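Me: I am new to this structure. Please take me through it in short questions and answers.

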Amino acid sequence: MDEINDDFPETDLALVIGANDTVNSAAQDDPTSVIAGMPVLEVWKAKQVIVMKRTLGTGYADVDNPVFYNENTSMLLGDAKTMCDALLNKVREHYGS
């Protein structure tokens with residue numbers, strides 16, 4: 001994760017599919033969190049973040065994720081495969097396949 005985390009500040013878009021705890025900034029920012037110190041992908045440092053999840057529910061560790069509420073984060077709720085297919089279709093429509 002250290003290798004990819006260095007790239008996020010120069011990343012235009014981080015697309016997060018079905019992850020919660022592994023992209024949770026509380027692991028670094030909240031020393032009282034049950035996930036404090038856990039290695040995470042620092043997606044919140046990208047210019048824009050899109051998170052695909054079924055719901056806004058918490059992950060395996062049952063910890064709310066502050067990244068979901070950042071100004072640079074958009075939530076795309078629903079089935080990830082359906083959402084990915086829809087995004088791919090829109091990209092193909094726009095750019096041609």
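Me: Before the details, on what does this rest?

Reply: This is a predicted model, where local features need pLDDT of at least 70, side-chain atom pairs count only at pLDDT 80 or more, and totals for chains, interfaces and linings use all residues. Residues are numbered from 1 along each chain as its sequence is written, and side-chain values use heavy atoms, with hydrogens and water left out.

Me: Is Lys45 buried, partly exposed or exposed?

Reply: Buried means under 20% relative accessible area, exposed means over 50%, and partly exposed lies in between (1.4 Å probe, protein chains only). Lys45 has 40% relative accessibility, so Lys45 counts as partly exposed.

Me: Which residue meets Lys45 in a salt bridge?

Reply: A salt bridge is a side-chain nitrogen of Lys or Arg within 4 Å of a carboxyl oxygen of Asp or Glu. Here the N to O distance is 2.9 Å. The partner of Lys45 is Glu42.

Me: How many salt bridges does the structure hold?

Reply: The pair Glu42 and Lys45 is one of them. Asp85 and Lys81 form another, at 2.9 Å from N to O. Lys90 and Glu93 also meet in a salt bridge, at 3.7 Å. The count for the structure is five.

Me: What pattern does the protein chain follow along the sequence?

Reply: Helices (H or I, at least four residues) and strands (E, at least two) are DSSP runs, numbered from the N terminus. The protein chain has three helices and three strands. Read along the sequence, the pattern is α-β-α-β-β-α.

Me: What span should helix H3 have, and how far apart are its end C-alpha atoms?

Reply: H3 covers residues 80-95, which is 16 residues. The expected span is 1.5 Å times one less than the number of residues. That gives 22 Å for H3, and the end C-alpha atoms agree, because they are apart by 22 Å.

Me: Which residue caps the N-terminal end of H3?

Reply: A polar contact is a pair of N or O atoms within 3.5 Å; within protein, one must be able to donate a hydrogen and the other to accept it, and residues adjacent in sequence count only if both atoms are side-chain atoms. At this end, a side-chain oxygen lies 3.3 Å from the backbone nitrogen of Lys81. The cap is Asp79.

Me: Which residue follows H3?

Reply: The residue has a positive phi, near 80°. The residue after H3 is Gly96.

Me: Why are Asp85 and Lys81 separated by about one helical turn?

Reply: An α-helix has 3.6 residues a turn, so residues three or four places apart point the same way. Lys81 is exposed because its relative accessibility is 56%, while Asp85, at 33%, is partly exposed. The pair is about one turn apart because their separation in helix H3 is four residues.

Me: Is Thr73 buried or exposed?

Reply: Thr73 sits in strand E3, residues 73-77. Contact means heavy atoms within 4.5 Å. Leaving aside neighbours within four places in sequence, Thr73 is in contact with Gln48, Val49, Val51, Val67 and Phe68. With a relative accessible area of 11%, Thr73 is buried.

Me: How far apart in space are Pro66 and Leu88?

Reply: Pro66 lies in the loop between strand E2 (48-53) and E3. Not counting residues up to four places away in sequence, Pro66 touches Asn24, Ser25 and Ala26. Pro66 and Leu88 are 22 residues apart in sequence, and C-alpha to C-alpha their distance in space is 28 Å.

Me: Which side-chain residue lies 2.8 Å from the backbone oxygen of Asp7?

Reply: The residue sits in the loop between helix H1 (2-5) and E1. Beyond four places in sequence, its contacts are Ala46 and Lys47. The polar side-chain atom belongs to Thr11.

Me: What share of the 97 residues in the protein chain is buried?

Reply: Along its principal axes, the C-alpha trace spans about 50 × 30 × 20 Å. Of the 97 residues in the chain, the buried share is 33%.
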